[in-house]
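The sequence and the structure are shown first.

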Amino acid sequence: MLHVLLFPTLFKGQNPNSIHSFTAHTLEGKTVRFSDFAGKKILIVNTASKCGLTPQYKQLQELHAQYKDKGLVIIGFPCNDFAQQEPGGKEEIQSFCERNYGVEFLMMEKVHVKGKDMHPLYRWLTSRALNGVMNSKVKWNFQKYLIDEKGYLVDAVSPARKPNCRKILRWINGD
């Protein structure tokens, strides 16, 4: 399996507890610097195309369409860690997302979100020692992480809660 390269590098003047110190690659292989999202809220979600929660792609795309011009960035990380529900390669994942849900938000290369091969970004998301806020465990596909405009972790949202749930909408709108 091809692993995503994510290099936690500190840029001058950035706090090590900020997500802004990371880079990752999209499904197309383009490098994305999380520092480019300074001043924007980021919703990170691990995705899978053969999961009972896969229809959440629809709500994620709706949030993207409604809030992308208001400072929200949605980033999907495909993952095959739960019941082998994301077996496809990058072209298959991209085609599935576009064809079935019209996904236009950022989709990254497939990663591990648990275990010994856990991706560095997910180590940061799930470890209070690294993110400075909280410990968490990715329970299943479509777990959501909320990152504020300064790049700090705010909260984790259960996979069972839809992307357009009250908690996430209140966070997006600053309520």
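## Sheet order and edges

In what order do the 5 strands of the open sheet lie? In this predicted model, the order is β5-β4-β3-β6-β7, and the pairing is mixed. The edge positions are taken by β5 (106–107) and β7 (153–157); each has a single partner strand, so one side of each is left without a neighbour in the sheet.

## Strand pairing and packed helices

Strands of a sheet pair through backbone hydrogen bonds, either parallel or antiparallel. Strands β3 (residues 41–47) and β4 (residues 72–78) run parallel and are joined by 7 bridges. Within this pair, Asn-46 has Phe-77 of β4 as its bridge partner. Helix α1 (residues 56–67) packs on the sheet, where it touches β3, β4, β5 and β6 (144–147). The direction of α1 makes about 155° with that of β4. Helix α5 (residues 166–173) also packs on the sheet, touching β3, β4, β6 and β7, and its direction makes about 150° with that of β3.

Strands β6 and β7, by contrast, run antiparallel and are joined by 4 bridges. Lys-144 has Val-157 of β7 as its bridge partner. The two strands form a hairpin with 5 residues between them, and Gly-151 in the turn has a positive phi of about 90°.

Glu-86 lies in the loop between β4 and α2 (90–101). The side chain of Glu-86 does make a polar contact with the side chain of Ser-49, at 2.9 Å. Leaving aside neighbours within four places in sequence, the residues in contact with Glu-86 include Thr-47, Ala-48, Tyr-57, Pro-78, Cys-79 and Ile-93.

Most residues other than glycine have a negative phi. Ala-83, also placed in the loop between β4 and α2, has a positive phi near 55°. Ala-83 is exposed, with a relative accessible area of 53%. Phe-142 has a positive phi near 75° and lies in the loop between α4 (128–131) and β6. Is Phe-142 buried or exposed? Phe-142 is buried, with a relative accessible area of 0%.

## Salt bridges

Side chains of opposite charge can pair when their charged atoms come close. How many salt bridges does a search of the whole structure find? The search finds 4, among them the pair of Glu-109 and Lys-90, at 3.7 Å from N to O. Glu-109 lies in the loop between β5 and α3 (120–126) and Lys-90 in helix α2, so this pair ties together parts that are 19 residues apart in sequence. Glu-109 is buried at 10% relative accessible area, whereas Lys-90 is partly exposed at 30%.

Another salt bridge joins Asp-155 and Lys-167, at 2.8 Å from N to O. Asp-155 belongs to strand β7 and Lys-167 to helix α5, so the pair ties together parts that are 12 residues apart in sequence. Lys-167 is partly exposed, with a relative accessible area of 30%. Asp-117 forms a salt bridge with Lys-116, with the closest N and O atoms 3.6 Å apart. Here Asp-117 is partly exposed at 39% relative accessible area, and Lys-116 is exposed at 72%.

Definitions and conventions
Residues numbered from 1 in each chain as written. Predicted model: local features only at pLDDT ≥ 70, side-chain atom pairs only at ≥ 80, totals over all residues. Heavy atoms only, no water. Pairing = 2+ DSSP bridges. Contact = heavy atoms within 4.5 Å. Axes fitted to C-alpha atoms, helices over the stretch in contact; angles between N-to-C directions. Polar contact = N/O pair within 3.5 Å; in protein donor to acceptor, adjacent residues only side chain to side chain. Buried < 20%, exposed > 50% of the residue type's maximum accessible area, 1.4 Å probe, protein only. Salt bridge = Lys/Arg side-chain N within 4 Å of Asp/Glu carboxyl O.
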